[in-house]
Each structure stands twice: as structure tokens, then as C-alpha cells.
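Subject: Structure handover

Hello,

Here is the structure you were waiting for. Please open it next to this message.

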Amino acid sequence: MKRKINVSQKRELADLIIQNAKIADVFNLRWRKGNLVIADGKIIAIDENNEFKAHEVVDAEGRHVVPGLIDAHIHIESSMLTPSQFNRIMLPHGITAIVTDPHEIANVAGKTGLEFMLNDSQNVEMDIYYMLPSSVPGTSFENAGAILKAEELAEFVGHKSILGLAEVMDFPAVLNGEDDMLAKIQLAQNAGMVIDGHCAGLNSAQIRGYRAAGIVTDHECVSAEEALDRIEQGMYVLMREGSAAKNVKAILPAVTPANARRFAFCTDDKHLDELIEEGSINYAVALAIAEGMEPLQAIQIASLNAAECYRLKDKGALATGYEADFIVLEDLQSMKAATVWKNGKKVAENGVMLTPTPEKSVVVPSILQSMHLPKLVAKDFAIPFKGNKANVIQIVPNQLITKRMITKVDVENGFFMPSIKKDLLKLAVIERHHNLGTKGVAIVHGIGIQRGAVATTIAHDSHNAIVVGTNDTDMVIALEALQAMQGGLVIVDQGKVLASLSLPIGGIMTDAVAEEAKEALQKLHDALHIIHPTIDYHLFLTLSFLALPVIPDIKLTDTGLFDVTAFKHIPVEIEA
């Protein structure tokens with residue numbers, strides 16, 4: 001403290017000065033021409049008169065300098081990377097902090113999975129903050145790998161990286177005042193922590209119930225009207241732009257100078273290849289600017305707003321006393337980073353990390369052996385029909401929501417027959433954690449593959465095995481491949497595996513470095529174009545959300561087809 005005071009009074013040299021910069025003032029929404037003065041990882045001053053001296057001086061050459069960006073809600077596991085590898089693909093884009101919900105690995109491995117994430121985040125350059133998973137399992141009517149109650153979560157309260165309670169998904173449990181859910185919320189409230197919401201499809205009266213429980217954020221808005229309802233009721237709206245859910249454009253009309261401080265940007269779920277190529281929050285900021293938002297407003301939303309929402313008091317701004325996390329931009333409109341600085345140290349330049357690659361993550365054996373699928377044969381996927389009218393899951397490309405479609409289907413010898421022409425395919429979810437033998441089989445429209453099968457163990461949030469196919473044989477082979485490689489992603493055609501990516505860490509993360517995983521993922525995308533030549537949406541991520549029974553309208557779990565709106569199981573066949 002004494003040294004920083006001495007530097008501020010020019011009695012000592014600063015560590016670093018970034019001179020000749022256009023510095024973003026996110027408090028007043030203006031650009032300040034001057035020098036950024038840094039000591040001990042903190043910003044000491046914005047020097048507009050060249051009064052300070054430092055041990056090192058870097059010329060920004062008139063470029064824009066903005067605060068490090070903060071992803072307000074993301075699941076690291078959806079990148080399929082460990083935290084230590086995720087860190088290395090995010091920092092080059094200027095993402096210096098994230099708030100993550102580890103409920104994906106927790107639904108597979110419980111406390112052991114959460115401990116792995118915390119341990120693997122210890123020595124990374126970026127700030128990785130965690131929210132305690134509120135929904136393990138996601139619902140009471142499906143089978144996940146673990147159960148976490150308030151008592152288990154309490155063991156993590158007080159950890160330096162824990163900020164609050166993660167997205168509360170089970171809205172009936174909240175609105176009905178169920179004891180287990182309220183105990184988790186009360187735990188967070190007693191500790192003075194932030195509580196995240198998950199309000200997909202909830203009406204205004206239901207939002208009132210969430211607010212009565214002290215829940216303060218929602219990242220599930222898909223329209224400006226929904227966003228304004230949340231803002232009016234005192235919530236923060238986290239505008240999401242991920243791989244499957246792209247909602248920023250739809251929400252932006254709700255943002256005004258009067259209410260902008262109640263918005264932040266988030267990614268939620270975004271695949272590895274897109275994160276490497278596009279980044280996350282930088283992409284959302286550039287999108288908002290392209291849609292007409294004043295750049296400083298978009299930058300404020302992506303930095304200061306997120307920091308204040310999650311009570312990160314010394315992050316999110318370039319001002320005296322704040323941490324020296326910043327980006328020297330190559331281009332303001334695209335938000336392309338020339339250099340990225342963390343705690344006053346340059347960590348990335350021209351899209352490349354400057355720090356050494358970390359050692360391979362240490363993973364306990366139980367997390368590496370999470371696949372326990374039963375032996376399956378083709379007839380296990382049979383869907384009997386007396387008539388020909390069915391409840392069908394209709395996907396909405398680039399959205400997490402689905403539609404309940406009622407239509408006539410092809411039936412042969414009393415069983416449903418997939419139709420490539422009508423794009424009516426088989427979908428199955430099989431419990432894979434405890435070898436319970438439970439499975440759900442249904443019909444899906446909109447996937448569009450012309451042959452073969454696609455399967456993965458990334459199936460939110462319980463992460464059972466999910467497979468879609470044009471025929472039963474390829475579906476069986478795809479599931480056998482998942483079992484053999486302890487989870488992952490696989491594409492099968494005519495009895496042969498075209499491409500696969502092994503995800504041995506809980507069936508949802510790879511132990512490979514990011515570049516190797518990206519190459520394997522590219523081979524998967526190439527194989528997808530073989531069985532679906534005209535594909536124009538993110539099939540794997542869309543598939544993974546067809547098993548999430550808390551997002552409307554209709555989903556499939558290992559216990560059967562589920563109507564989210566009515567919150568009950570429904571049959572596949574609609575009997576006359």
C-alpha cells in the first residue's frame with residue numbers, strides 16, 4: 001500500500017506506463033487520451049500530462065485501451081477443455097475473468113468434480129470464479145451421476161473463488177417452496193452471495209417468485225420483452241451469445257441509456273472451435289457495436305456491469321485503484337486484441353499466449369471411468385404404435401428452446417419408422433452413470449441428417465448418453481463407441497465410425513491441449529457434412545440440449561418424453 005501511494009505521489013517509479021492511449025472511461029462513457037500508470041498490478045493513475053515515469057514504457061500508438069472483459073455466465077465444460085486449457089484460449093481474446101457454473105461436471109462426479117475444477121484453476125492467468133451448482137441433479141425425474149444438497153455445498157462456502165449460487169433451474173421447486181431448494185438459496189443468502197437465475201419461459205408472476213427468493217440474474221431471455229420484465233423487477237439480464245443460443249440481437253432493443261447498467265454479456269455454452277476463432281464476450285461486444293450500440297456502452301456492459309453484478313469491486317474499469325486488466329485493441333469495431341494484460345503483465349499478443357503451456361491436468365480415476373452403459377441392441381430403440389399420430393420434438397436452430405409438434409408419422413408392423421424425407425428421426429437418451437438401464441426413446445424433427453447416427457455424452461444437465469439416427473444399427477454402434485472411449489462425440493455411417501472425439505474427463509472434457517482438440521473437432525464437423533451436406537446450425541450443441549427438461553417446450557430424458565410447459569411426462573404416441 002505504501003509503495004502504491006508513493007507511486008501515486010510520484011515519489012517512486014511506476015512499474016509500467018502504457019503511453020499514448022485512448023483509454024476507456026466506463027464510468028463517464030468517454031475516451032481519455034493519456035497514459036495508463038501501473039504499479040504492483042494496480043492502476044495508479046490516468047496521466048494526461050506526461051507527469052509519471054516508470055521502469056517500463058509501452059507505446060499504445062494511439063490505440064484504444066479497454067478494461068479486460070468479463071463473461072458473466074459460462075460453463076467451462078461446454079468448451080470440452082479443462083480450466084487450465086480454457087484459460088489459454090480465452091485470454092488472447094481479452095477475456096480476463098469469467099463467472100462459471102460447474103454443474104456439468106458436478107452432475108457427473110458431484111463434489112469430486114467440483115474439487116477438480118477448483119484445483120485445475122489455481123495457477124491460471126485469468127480470474128476464474130465459480131458459482132455453487134444449485135441443480136445437481138437438474139430435476140428429480142431424471143438420473144444424473146450425483147446429488148448435491150445444501151450440506152455438501154456448504155463445505156465450499158468461503159472458498160476464495162466461490163461467488164454465489166449458480167443458476168436455479170428447477171422453477172417448480174422454487175415457486176412451490178420445496179425445502180431442499182430453499183435450503184440452498186438460504187445458504188447463499190446467509191453467506192451474502194449472489195444467486196443466479198434460470199428463467200426460461202417464465203412469466204412475470206413467476207419472475208416475482210424468483211425475486212422473492214432473492215434471485216438476481218437471468219441469462220435465458222430470448223426477447224426484448226422478456227428482458228424488460230426482468231429489469232423492471234430488479235434483475236440483471238445477462239445477454240447470451242453462444243453456439244446454440246444466440247440471443248443478443250433479439251434483446252438489444254431493450255437496452256437504453258437509462259437501463260443499460262442492468263445488463264451484462266454472457267456465453268453460457270460455446271464450443272471449442274468457435275471460442276478459438278471468435279472468442280466469447282469480445283464477439284458479443286462487436287456484435288452489439290455492429291447493431292448500432294455506442295462502443296463505450298457495449299464495453300461498459302461487458303466489463304463494469306458484470307463486475308458490479310458479481311461484486312468484484314476492483315475489476316471492470318480502468319481507474320485508480322482497479323486491477324490492471326486491460327486490452328490494447330487492434331480495432332475497436334471488431335474488438336480484436338493486439339495485446340492483453342493481466343495484473344499489469346502482458347499475457348497475450350496477436351492472438352497467442354505468451355506464458356508457458358501448463359502441465360497436464362491431474363484427474364482422479366473415478367472421473368475418468370464414468371461410462372456405464374448397458375449392452376444395447378437395435379430392438380431397444382423400437383417405438384410401438386397402434387395408430388400413427390405422435391408428439392414430436394421440433395428443434396429451433398440456434399436456440400435452446402424446442403417446439404411440441406403433433407404430426408402423423410410412418411408406422412410399419414406396429415413400430416415407428418424414421419423418415420429422412422419428412423426429417424423425422426429417432427432420438428434416445430440412455431442413463432450411463434450407474435448402469436440403471438433406464439432409457440427414453442422419442443421422435444425428433446429438424447436434425448436433418450440424411451443417414452447414419454450422431455451420439456454424445458454431453459447431454460445437459462445430467463449428461464447421460466444421447467443419440468439421434470436414421471437407423472437403429474448405427475445408433476447402437478455409436479453408443480458402443482462412446483462406451484469404448486469413456487464418453488465423447490461420435491458420428492457413424494453404415495456401420496462405421498466416421499469421426500470421434502474422446503472426452504474421458506467425466507465424458508464431457510478432453511485431457512488434450514486445445515489445439516489438438518480443435519483438430520479432432522474439425523474432423524467431426526467434416527464428417528457431419530458427409531451425413532448432412534447442407535447443415536447450417538451447431539448440431540452437437542443443439543443435440544446436447546434436447547435432454548434438458550427445464551427449457552421449453554418438450555425434451556427427452558432417460559425417464560421418457562417430457563412436456564416442460566406442463567411439467568410432466570407425456571407419451572410419444574397420441575392415441576385416438
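This is a predicted model: local features need pLDDT of at least 70, side-chain atom pairs count only at pLDDT 80 or more; totals for chains, interfaces and linings use all residues.

Residues are numbered from 1 along each chain as its sequence is written, and side-chain values use heavy atoms, with hydrogens and water left out.

Overall

The protein has 16 helices and 30 strands; these are DSSP runs numbered from the N terminus, helices being H or I with at least four residues and strands E with at least two. A compact globule of 576 residues would have a radius of gyration near 25 Å, and the 24 Å of the protein agrees with that. The radius is taken over C-alpha atoms, and the globule rule is 2.2 Å times the number of residues to the power 0.38. Along the principal axes, the C-alpha atoms fill a box of roughly 90 × 50 × 45 Å.

Of the 576 residues, 62% count as buried, meaning under 20% relative accessible area with a 1.4 Å probe and protein chains only. Among contacts (heavy atoms within 4.5 Å) with a separation of 6 or more, 69% come from residues 24 or more positions apart.

His 75

His 75 sits in the loop between strand 6 (69–74) and helix 2 (83–90). With a relative accessible area of 3%, His 75 is buried. Its side chain makes a polar contact with the side chain of Glu 167 at 2.8 Å; such a contact is a pair of N or O atoms within 3.5 Å, where within protein one must be able to donate a hydrogen and the other to accept it, and residues adjacent in sequence count only if both atoms are side-chain atoms. Beyond neighbours within four places in sequence, the contacts of His 75 include Asp 101, His 103, Glu 104 and Asp 268.

Gln 297

Gln 297 lies in helix 12 (residues 295–309) and is buried, at a relative accessible area of 11%. Leaving aside neighbours within four places in sequence, Gln 297 touches Leu 29, Pro 257 and Ala 260.

Helix 8

In helix 8 (residues 224–232), the buried residues include Glu 226, Asp 229 and Arg 230. The buried residues of this helix pack against partners including helix 7 (204–212), strand 12 (236–240) and helix 9 (248–251). After helix 8 comes Gly 234, with a positive phi near 90°.

Regards

Note on methods:
Buried means under 20% relative accessible area, exposed over 50%, partly exposed in between (1.4 Å probe, protein chains only).
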